[in-house]
Amino acid sequence: MKKLYRIKKNEEFQKIISKKQSVANKNFVIYFVQKSMPFARVGISVSKKLGTAVDRNLYKRRLRMLINDLISFDDYEYDLIIIIRNSFINSTFLDNKKQLENIIKKVKIK
């Protein structure tokens with residue numbers, strides 16, 4: 001995922017989360033809002049409860065790979081904040097991909 005497509009600033013995270021439009025499943029919580037730029041952007045959040053900084057960075061890298069496979073940033077209509085839950089750690093890559101794919105479909109439906 002290119003840095004251009006990432007949300008990094010705390011203000012942007014809070015702006016999207018404060019809209020309170022969300023969907024969730026056992027591995028992820030996604031907050032979403034209509035995109036504000038010509039392309040969609042994604043922010044990733046991992047709680048400190050999920051491990052050390054090394055572990056959290058590993059989970060973020062894995063999630064970015066899943067996002068690259070599932071989202072076309074030019075065509076997608078929402079900016080997303082994805083929060084990883086505990087069950088993400090114990091699930092396989094394919095299970096996580098299925099969970100993320102299902103939850104992204106829910107976002108498009110709403």
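Contact, as used here, means heavy atoms within 4.5 Å. Helices (H or I, at least four residues) and strands (E, at least two) are DSSP runs, numbered from the N terminus. The structure is a predicted model, in which local features need pLDDT of at least 70 and side-chain atom pairs count only at pLDDT 80 or more, while totals for chains, interfaces and linings use all residues. Residues are numbered from 1 along each chain as its sequence is written, and side-chain values use heavy atoms, with hydrogens and water left out.

Helix H4 comprises residues 93–109. The expected span of a helix is 1.5 Å times one less than its number of residues. Residues are termed buried under 20% relative accessible area, exposed over 50% and partly exposed in between (1.4 Å probe, protein chains only). In H4, the buried residues are Asn 96, Leu 100, Ile 103, Ile 104 and Val 107. These residues cover an arc of only 105° around the axis (taken from the directions from the helix axis to the C-beta atoms), and therefore lie on the same side of H4. An α-helix has 3.6 residues a turn, so residues three or four places apart point the same way. Leu 94, Lys 98, Lys 108 and Ile 109 are exposed on the other side of H4. The cover over the buried residues of H4 includes strand E1 (22–24), E2, H2, E4 and H3.

Aromatic pairs were then examined. Rings of Phe, Tyr and Trp (its six-membered ring) pair if their centres lie within 6.5 Å; planes under 30 degrees apart count as stacked, over 60 as edge-to-face and the rest as tilted. Six aromatic pairs are found in the whole structure. The rings of Phe 28 and Phe 88 have centres 5.6 Å apart and planes at 65°, and the pair is therefore edge-to-face. Phe 28 belongs to strand E2 (residues 28–34) and Phe 88 to helix H3 (residues 87–90), 60 residues apart. Phe 88 also forms an edge-to-face pair with Tyr 59, at 6.2 Å centre to centre and 80° between the planes. Because Tyr 59 lies in helix H2 (residues 53–70) and Phe 88 in H3, this pair ties together parts that are 29 residues apart in sequence. Tyr 59 is buried at 8% relative accessibility, and Phe 88 is buried at 2%.

Strand E3 (residues 42–46) is largely enclosed by the rest of the structure, because four of its five residues are buried.
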